[in-house]
Amino acid sequence: MENNQLTNTGQPKQLYLLFFAEMWERFSFYGMKALLIAYMVSQLHYDDPKAYAILGSYAALVYTMPMFGGFMADRFIGYQRAVLFGGILMTLGHFILAIPSDWSFFYGMAFIICGNGFFKPNISSLVGTLYGENDPRRDSGFSIFYMGINIGAFLGQFICPMLGDVKDAGGVRDIHAFKWGFFAASMAMIIGTIVFYVLKNKYVVTPDGQAIGGLPKHNLSADYEEGEAQKAVFTTKSIGIAIALFVGLYLAISSFTSGDNIVKTVIYPIIYSSGITLAVLILLDKTLTKIEISRILVIYIMSFFIIFFWAAFEQAGSSLTFIADNQCDRNFLGWNMPPSMVQIFNGIFVVAFAIPFSLLWDKLRAAGKEPISTVKQSAGLALIAISYFIIAHNVKDLGNTGLLSVYWLVLLFLIQTFGELCLSPIGLSLVGKLAPKRFASLAYGVFFISNASGYA
């Protein structure tokens, strides 16, 4: 929207409410995620392979569900209602996780998975509505929004492990402390949801007072003006397929307790099949023009290559946490860090460098030298490859007794953060620019499948 009221940064005022809501949601998500491996091994007594499998499946489902939440928002409930519904579900999920048992663990994760599916694609879609198609502020705006994501991640990864991952002088974990970490994640989600609900009617509106991301027009494409021919956005058949996939997702969540084999034979196939099905359904929609089809194909190709980035990046919550726990000297400036907190450096570096990267793109654009989005993302892939080359070089000679200095992990997270800032916010911005308005949230859902496949 070209006529949004601006702040002194040149960005729409609505951006900062969405920034704040997303910040607290990411606090809850990353704070809880930082505790999962330690909780499963210490509290639930799962062995390492099972903990790995469950964490990977949970994370993959978290990034699959946005397809369904995006579909529901685009077709039925609108972006704002989807964000609120998702916030409520995630709040309940974190409260349930605070109950120390197998049943509460899996049901809590199921609530968080479903809630995230409604929240994540639709708040990104709301940000996208703030900018016109050729608005030069778009990449910078998404970089600022992405900084909010990582301020939340930093706070969550610092506070939740401090409360929940507690060891005594002998190095033995206090299993009764985990509930306080999960409770902190729930409180963060409550703050974000309430603030969004209270302020949305003041800030998430157009200058003439109309809600941004309100109820969609069921039989009129959002890309067409009043008075033009009505065109169906989704057919009854496509709705039936989406419902069937939703049921399949529910069954996959319910099967968590059935063992690792279910993860490989049920959950992952559902992720891949659902992603492909919905991607094809979008392309088969008869209202699409040739230009829109070509733009959607660009989103799909970009999403495919991003899979490789997230497959490497998301080792922070699994294999890198085990390295930090078992093979790392975690003494940082005289403080022995909890292993689940080492990944906090990524959040710190994003907060420190998101604005400088945003200013860098602005300066390069002003000079006519800004690289195109695909070049930025290629740089992100190259940087994450370099980070693991450095860490592999230093790990190979440790043997069975040596310890890796935590400062090498800090360097890894610094390089990966530079790669992330070249790739992730630029991808979010590009999806918002290229996706047809009537498929905006669903396109974000398909884009997030790259995250899911990276975990898988």
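This is a predicted model: local features need pLDDT of at least 70, side-chain atom pairs count only at pLDDT 80 or more; totals for chains, interfaces and linings use all residues.

Student: Fine, salt bridges then. How many salt bridges does the count come to?
Tutor: The count comes to 3 salt bridges.

Student: What does Arg26 meet in a salt bridge?
Tutor: The side chain of Arg26 meets that of Glu25, with 2.7 Å from N to O.

Student: Is Glu25 buried or exposed?
Tutor: Glu25 is buried, because its relative accessible area is 0% and buried means under 20%. Arg26 is buried as well, at 1%.

Student: OK, and which residue has its side chain in a salt bridge with Arg365?
Tutor: That is Glu370, and the N to O distance there is 3.7 Å. The side chain of Glu370 also meets the side chain of Lys376 in a salt bridge, at 2.7 Å from N to O. Shared partners join Arg365, Glu370 and Lys376 into one network.

Student: Is Lys376 buried or exposed?
Tutor: Lys376 counts as buried, with 2% relative accessibility.

Student: New topic, helices. At what angle do H12 and H13 pack?
Tutor: Helix H12, residues 373-395, and helix H13, residues 406-434, pack at about 160 degrees. Their axes are 8 Å apart.

Student: Parallel or antiparallel?
Tutor: Roughly antiparallel, because angles over 145 degrees count that way.

Student: Is the crossing left-handed or right-handed?
Tutor: H12 passes H13 in a left-handed crossing.

Student: And how do the residues of that contact divide?
Tutor: Between H12 and H13, the contact residues divide into 17 nonpolar, 8 polar and 1 charged.

Student: Back to single residues. Where is Asn122?
Tutor: Asn122 sits in helix H4, which covers residues 102-128. Asn122 is buried, with a relative accessible area of 0%.

Student: Which residues does Asn122 touch?
Tutor: Leaving out residues up to four places away in sequence, Asn122 touches Gly69, Gly70, Ala73, Tyr79, Ala82, Val83, Gly117 and Ser441.

Student: I also marked Asn150. Which helix is Asn150 in?
Tutor: Asn150 is in helix H5, residues 138-164. At 3% relative accessibility, Asn150 counts as buried.

Student: What is Asn150 in contact with?
Tutor: With neighbours within four places in sequence set aside, Asn150 is in contact with Asn346, Gly347, Val350, Val351 and Glu420.

Student: Last one, His45. Where is His45?
Tutor: His45 lies in the loop between helix H1 (14-42) and helix H2 (48-64).

Student: Buried or exposed?
Tutor: His45 counts as exposed, because its relative accessibility is 64% and the cut-off for exposed is over 50%.

Student: What is phi of His45 near?
Tutor: Phi of His45 is near 60 degrees, a positive value in a residue other than glycine.

Notes
Residues are numbered from 1 along each chain as its sequence is written. Side-chain values use heavy atoms; hydrogens and water are left out. Helices (H or I, at least four residues) and strands (E, at least two) are DSSP runs, numbered from the N terminus. Buried means under 20% relative accessible area, exposed over 50%, partly exposed in between (1.4 Å probe, protein chains only). Contact means heavy atoms within 4.5 Å. Axes are lines fitted to C-alpha atoms, for helices over the stretch in contact, and angles run from 0 to 180 degrees between N-to-C directions. Angles under 35 degrees count as roughly parallel, over 145 as roughly antiparallel, 65 to 115 as roughly perpendicular and the rest as oblique. A crossing is left-handed if the near helix is turned anticlockwise from the far one by less than a right angle, and right-handed if clockwise. Ala, Val, Leu, Ile, Met, Phe, Trp, Tyr, Cys and Pro count as nonpolar, Asp, Glu, Lys and Arg as charged, and the others, Gly among them, as polar. A salt bridge is a side-chain nitrogen of Lys or Arg within 4 Å of a carboxyl oxygen of Asp or Glu.
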